[in-house]
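Please look over the sequence and the model shown here before reading on. The report is meant for a reader who has not seen them before.

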Amino acid sequence: MLVEVKVPVLSESVAEATLLSWHKKQGEYVERNENLIDIETDKVVLELPAPVAGVLAKIIKGDGAMVVSSEIIATIDTAATAATTVTAVAAPSVTESAAAAAVTPAMMPAARKMAAEENLKAEEIKGTGRDGRITKEDVAAQAGTKSPPPATAAVATVATPSGNRPEQRVAMSRLRMRIAERLVQSQSTAAILTTFNEVNMQAIIDLRARHKQGFEKEHGVKLGFTSFFVKAVVAALKKFPIVNASVDGNDIVYHGYYDIGIAVGSPRGLVVPIIRDADRLSLAEIEKQIAGFSKRAQEGKLTIEELTGGTFSITNGGVYGSMLSTPIINPPQSAILGIHATKDRPVAENGQVVIRPINYLALSYDHRIIDGREAVLSLVAIKEALENEMDSLLET
């Protein structure tokens, strides 16, 4: 019996996707739930498992093809065997499969594509990721290059006559194209302004130092700084609801909930998973979600639902050493908070110059609906919450 292999049903916000690379060739035997191909959308990379066991009878859509929800991309013949199908190969025995699994390290989807381009086998690469997983960096190191291009991109190397000025032309991934599209959209449709302030982080640093060991022991997750910023942002948004609103045509949509996007770096680019109902969560619950986002972002396991929506975003360039920046709004949101590196700086207090750990905050906002007054006061509210209002979250 022939069974159709279809693209999974995609989110309403995802119009189409790209087939990255087939892990099985036409005529090869596949086990049920074995990953057949990675499918890239502008948000996530999805693994498509085989719906049944059998021979991959026909690949209808090849690597790099554009597809939509529920589109048929292959067929599997559940009755075919190596003896009845010319192009089929014998299914591996249970013993062989177990042995292969034992010696073949797990490989991230992006690393798998890169390894295929470099003609490298998983067994040749030493994995440095969690549980020995092979990452893109591991493949790059084995291939002897620092920044190899993605396997899905066509690469052209052009050298000058001297041979020491190479160039590479690399096609953008769907995520990178979507990021570019949304940033241009934000710049061209919103009236973006940025206001700045500084926050003395001493109170948060002291509070964290007092509780971090007990916090981790009790909750099984480290107490970072981002959860404090999330809580401070929620406190400010409650005071100034317009900063939590969005524009829809000629309407202003006020959101009665607080879904905070947290910008996270991943091998595929910057993604912004959403902490839903952040006002109802404890610091521990927020930290657990952030840790989960970070882990799944590195593994390419974030879901479309986790990346959709949001009423306000936070981006932390400080983890990379940034001292000041003007973040770009993530549409259809109307504001975003930029956090930067905390540094000891001289400040004036009561007529005296003292050294304090200072973090420069930047709030970019859509001036179409947010006036300067609300923008400035909401950033001041964030500052005041961080400096004076966080004790109750842990001391009680």
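## The chain as a whole

The model is predicted. Its protein chain holds nine helices and 21 strands. Of the 396 residues in the protein chain, 41% are buried.

The protein chain exposes about 20600 Å², and carbon and sulfur atoms supply 52% of that area. Contacts between residues at least 6 apart in sequence can be sorted by their separation along the protein chain: 62% of them join residues at least 24 apart.

## Helix α6 against helix α7

Helix α6 covers residues 226-239 and helix α7 covers residues 283-299. The two pack with their axes 9 Å apart, at an angle of about 120°. The angle falls between 115 and 145 degrees, so α6 and α7 are oblique to each other. Their crossing is right-handed.

On the α6 side, the contact is made by Thr-226, Ser-227, Phe-228, Val-230 and Lys-231. On the α7 side, Leu-283, Ile-286, Glu-287 and Ile-290 take part. By class, the contact of α6 with α7 has five nonpolar residues, two polar ones and two charged ones.

## Helix α6 against helix α8

Helix α6 also packs with α8: their axes come within 8 Å and cross at roughly 135°. That angle makes α6 oblique to α8. The crossing of α6 and α8 is right-handed.

From α6, the contact includes Phe-228, Phe-229, Ala-232, Val-233, Ala-236 and Lys-239. From α8, the residues are Ser-378, Ala-381, Ile-382, Ala-385 and Leu-386. The residues of this contact of α6 with α8 divide into nine nonpolar, one polar and one charged. Phe-228 is named in the contact of α6 with α7 and again in the contact of α6 with α8.

## Leu-386 in helix α8

Leu-386 belongs to helix α8, which covers residues 372-388. Is Leu-386 buried or exposed? Its relative accessible area is 1%, which is under 20%, so Leu-386 is buried.

Which residues does Leu-386 contact, leaving aside its neighbours within four places in sequence? They are Val-199, Ala-203, Ile-204, Phe-228, Phe-229, Ala-232 and Leu-361. Leu-386 and Phe-228 are 158 residues apart in sequence, yet their C-alpha atoms are 7.1 Å apart in space.

## Local backbone features

Most residues other than glycine have a negative phi, and most peptide bonds are trans. Some places in this chain depart from that pattern, as follows.

Asn-33 is not a glycine, but has a positive phi of about 75°. Asn-33 sits in the loop between β3 (29-30) and β4 (35-40). Ser-70, also not a glycine, has a positive phi of about 65°. Ser-70 is found in the loop between β7 (66-67) and β8 (72-77). The relative accessibility of Ser-70 is 39%, which lies between 20% and 50%, so Ser-70 counts as partly exposed. The peptide bond that joins Pro-331 and Pro-332 is cis, with omega about 5°. Pro-332 lies in the loop between β18 (312-316) and β19 (335-339).

Conventions. Residues numbered from 1 in each chain as written. Predicted model: local features only at pLDDT ≥ 70, side-chain atom pairs only at ≥ 80, totals over all residues. Heavy atoms only, no water. Axes fitted to C-alpha atoms, helices over the stretch in contact; angles between N-to-C directions. Helix = DSSP H or I, 4+ residues; strand = E, 2+ residues; numbered from the N terminus. Parallel < 35°, antiparallel > 145°, perpendicular 65-115°, else oblique. Left-handed = near helix turned anticlockwise from the far one by under 90°. Contact = heavy atoms within 4.5 Å. Nonpolar A, V, L, I, M, F, W, Y, C, P; charged D, E, K, R; others polar. Buried < 20%, exposed > 50% of the residue type's maximum accessible area, 1.4 Å probe, protein only. Areas by Shrake-Rupley, 256 points an atom, 1.4 Å probe, with all protein chains shown as cover.
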